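Here are my notes on this one, as numbered points. Have the structure open while you read.

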Amino acid sequence: MDFALNEEQTAIFDMAHAFGQDNIAPHAHQWEKDGTIPKDLWPQIGELGFGGLYVSEESGGSGLSRLDATLVFEALSMACPSVAAFLSIHNMCAKMLDNFASDEMKARVLPGVLSMDTVLSYCLTEPGSGSDAAALKTRCERTNDGYTLNGTKAFISGGGYSDAYVTMVRTSDDGAKGVSTVYVEDGTEGLSFGGPEDKMGWRSQPTALVQFDDCKIGAENLVGQEGNGFKYAMAGLDGGRLNISACSLGAAQTALSKTLEYMGDRKAFGQSIDQFQGLQFRLADMEIELQAARTFLRQAAWKLDTGAPDATKFCAMAKKFVTETGSKVVDQCLQLHGGYGYLADYGIEKLVRDLRVHQILEGTNEIMRVIVARDMLKNR
């Protein structure tokens, strides 16, 4: 197996990294204070082809592999994991539309999605259904003109901010087989939002309840077929788990680079603190763990790209391992900064806060263990 990136992959990473360092990193601290990401950033990202990273070229997307896409998210998260993770959500929605929407819907909505003039949110989680996603209760009743929605979605990244919401709803009481997917545009009558959530991390990324009260949409806004929505939602999660892992990896790499620089400058007991062997061991451990995480992530992405039968298991394992490694590394980097690591100006405490949620979303790390264990038991 060749572990080296090819010339095209290196160019993809370098382009994403340069954009992030020039256009995101200098503003990340202020955007966190503001609690929002300027909307004019997204069309700039769309111009790079990042609005549809793995949307097919036939549909106007970039047609990248999932491995290629992880390089983009790793590079952008070096500037800000909150911004990079929001882009991952948009791309997950874009791929769902590319895979399952009608030709009419794709022609109508994908051009704006790919240019990122239309920013998308993914609405699955509800106040009473997180890990048990198939228990969702938001109702979608057929009418003469289309559908009427009633219910609430919780913890929605982009709630009240995005231009459209790819939403999983219940069209029958037949468990997971009763779930469908609909496309709800901002401004639709009956669509409203809760106040911005006051979060530990991802503070630049607006998060809110999404509320449907007799919200009426046209029949043309059904994505794919009724009853297949849960399959559509789950189909995007393997790739989403890779993306969020890449966001942990890039942010942790930034933290380690900042820590190496800081330790070379910080003096104690007559020498820079990077000369103390005990601290050097901690640096070495972090480097080993990050390199192991990167290799594991890319192996899982390769399996997903090649359609390996154990791809879902490997995506789950990578998500669990990489996100926990990322959080561990940024926590250690804060410790090595001492009191300065606790200050916002040094940028480390933000990464500690931002990465913590990666162990919860896209399926909690407990659910990742369930997926792995079930696969082990099934194949023993």
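1. Start with the packing. The largest nonpolar core has 67 residues, and I24, W42 and L76 touch the most other members. Helix α8 (residues 237–265) is the top contributor, with eleven residues. A separate core of 28 residues includes V55, I89, Y122 and L136. By nonpolar core I mean buried Ala, Val, Leu, Ile, Met, Phe, Trp, Tyr and Cys residues joined through side-chain atoms within 4.5 Å. Buried is under 20% relative accessible area, exposed is over 50%, and partly exposed is in between, with a 1.4 Å probe and protein chains only. As a rule, nonpolar side chains in soluble globular proteins tend to be buried together.

2. Ground rules. This is a predicted model, where local features need pLDDT of at least 70, side-chain atom pairs count only at pLDDT 80 or more, and totals for chains, interfaces and linings use all residues. Residues are numbered from 1 along each chain as its sequence is written, and side-chain values use heavy atoms, with hydrogens and water left out.

3. What does L76 touch? Skipping neighbours within four places in sequence, L76 is in contact (heavy atoms within 4.5 Å) with A16, F19, G20, I24, F50, A84 and L87. L76 is also among the buried residues of α4.

4. Now α4 itself. Twelve of its twelve residues are buried, and they pack against α1 (7–23), α5, α8 and α9. From first C-alpha to last, α4 reaches 16 Å, close to the 16 Å expected at 1.5 Å a residue; the expected span is 1.5 Å times one less than the number of residues. Helices here are DSSP runs (H or I, at least four residues), as are strands (E, at least two), numbered from the N terminus.

5. Have a look at α4 (residues 66–77) against α9 (residues 277–306): they pack at about 145°, with axes 8 Å apart. R66, L67, T70, L71 and E74 contribute from α4, and R294, L297, R298, A301, L304 and D305 from α9. That makes five nonpolar, one polar and five charged residues. For the classes, Ala, Val, Leu, Ile, Met, Phe, Trp, Tyr, Cys and Pro are nonpolar, Asp, Glu, Lys and Arg charged, and the others, Gly among them, polar. Axes are lines fitted to C-alpha atoms, for helices over the stretch in contact, and angles run from 0 to 180 degrees between N-to-C directions.

6. Helix α5 (residues 81–100) has 17 of its 20 residues buried, so it is largely enclosed by the rest of the structure. Its end C-alpha atoms are 29 Å apart, which agrees with the 28 Å it should span.

7. F155, in strand β3 (residues 146–157), has a positive phi of about 60° without being a glycine, and is exposed at 62%. D214, in strand β7 (residues 207–218), has a positive phi of about 50°, again not a glycine, and is partly exposed at 46%. Most residues other than glycine have a negative phi.

8. Residues 6–116 are 68% helix and 0% strand; residues 227–376 are 75% helix and 3% strand.
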